Amino acid sequence: MVTYVLDSSAILRYLDDEAGAARVAEIIKSHLAGRCVAIVSAVHWGEVAGITCKVHGKQAMEMVLSRLSAFGLQVVAADGDRAVRASLIKIKRNLPYVDAVGVELGAGSGEHVFVTADFDFKSVGRDVKVEFLPAK
C-alpha cells in the first residue's frame, strides 16, 4: 500500500484551494477509504500550524488542525535516529532542516511518495520518490 508523505506546502495548497488542492483532496479521500496511507512529519504539522496562525489567527489554526486530525492523518514524530538521518540529508542535499525531515520520512521505502509544491526538492529524486503539485 502506498504511503503519501504530505509536506506543509501540499497541505497549505489544499487548505487554500490552490493549484494541486484537488490532488491532495484525492489522497485524503483515498486515505479515508483505506486505499493508501497519508502521513505528515511533526515539523511540517507545526509549520502548517504556525503559518495558519500567522495568517488567520489562533482560532483558525485550531479549527484547521482539528479538521486535519479528523481525516486521520498520522503525525510522525522525529526521534533521535530520524533527526540525525534528516540532518545528513540536509547537508547532502542543501535543504532546510524541516524539509530534510520530510524527505527522510518519505525515504522509508519504495512505497512512500513525498508530496510537495516546493520545487526545491528536485535534488532529492535519488533519495525519495517525489510527486510535485502544479505550480501556482
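# Chat about helices, sheet and cysteines

Me: Hi! Leaving aside neighbours within four places in sequence, which residues is Glu 104 in contact with?
Reply: Glu 104 is in contact with Arg 82, Arg 85, Ala 86 and Ile 89, once those sequence neighbours are left aside. Contact here means heavy atoms within 4.5 Å.

Me: What kind of model is this?
Reply: This is a predicted model, where local features need pLDDT of at least 70 and side-chain atom pairs count only at pLDDT 80 or more, while totals for chains, interfaces and linings use all residues. Residues are numbered from 1 along each chain as its sequence is written, and side-chain values use heavy atoms, with hydrogens and water left out.

Me: Thanks! Where does Glu 104 lie, then? And is Glu 104 buried or exposed?
Reply: Glu 104 lies in helix H6. Its relative accessibility is 7%, so Glu 104 counts as buried. The cut-offs are under 20% relative accessible area for buried, over 50% for exposed and partly exposed in between, with a 1.4 Å probe and protein chains only. Helices (H or I, at least four residues) and strands (E, at least two) are DSSP runs, numbered from the N terminus.

Me: How does H6 sit against H3?
Reply: The axes of helix H3 (residues 42–56) and helix H6 (residues 97–106) come within 8 Å and cross at roughly 135 degrees. That makes H3 oblique to H6. Axes are lines fitted to C-alpha atoms, for helices over the stretch in contact, and angles run from 0 to 180 degrees between N-to-C directions. Under 35 degrees counts as roughly parallel, over 145 as roughly antiparallel, 65 to 115 as roughly perpendicular, and the rest as oblique.

Me: Which residues meet there?
Reply: From H3 there are Val 43, His 44 and Glu 47, and they meet Val 98, Asp 99, Val 101 and Gly 102 in H6. The residues of this contact of H3 with H6 divide into 3 nonpolar, 2 polar and 2 charged.

Me: What does Val 98 touch, not counting residues up to four places away in sequence?
Reply: Val 98 touches Val 43, His 44 and Glu 47 on that count. Val 98 and Ala 42 are 56 residues apart in sequence, yet 9.5 Å apart in space, C-alpha to C-alpha.

Me: Switching to H1 and H2: what is their packing angle?
Reply: Helix H1 (residues 8–15) and helix H2 (residues 21–32) pack at about 100 degrees, with axes 8 Å apart. H1 is therefore roughly perpendicular to H2. Ala 10, Arg 13 and Tyr 14 in H1 meet Ala 21, Val 24, Ala 25 and Ile 28 in H2, and this contact of H1 with H2 has 6 nonpolar residues, no polar and 1 charged.

Me: How many residues of H1 are buried?
Reply: The count is 7 of the 8, so H1 is largely enclosed by the rest of the structure. The buried residues of H1 pack against E1, H2, E2, H3, helix H4 (58–70) and E4. Just after H1, Asp 17 takes a positive phi of about 50 degrees.

Me: On to the sheet. What is the strand order?
Reply: The open sheet has 5 strands in the order E3-E2-E1-E4-E5, with parallel pairing. Strand E3 (74–76) and strand E5 (129–132) stand at the edges with a single partner strand each, so one side of each has no neighbour in the sheet. The twist averages 35 degrees from one strand to the next. Two strands pair if DSSP finds at least two bridges between them.

Me: How many bridges does E1 have with E2 and with E4?
Reply: E1 pairs with strand E2 (residues 37–41) over 3 bridges and with strand E4 (residues 112–116) over 4 bridges, in the parallel sense with E2 and with E4. Tyr 4 stands opposite Ala 38 in E2 and opposite Val 113 in E4.

Me: Which way do the E1 residues point?
Reply: Thr 3 and Val 5 point one way from strand E1 (residues 3–6), Tyr 4 and Leu 6 the other way, and all are buried.

Me: Last one: how many disulfides?
Reply: The structure holds 0 disulfides, a disulfide being a pair of cysteine sulfur atoms within 2.5 Å. Cys 36 is buried at a relative accessible area of 5%, whereas Cys 53 is partly exposed at 29%.

Technical notes:
Nonpolar A, V, L, I, M, F, W, Y, C, P; charged D, E, K, R; others polar.
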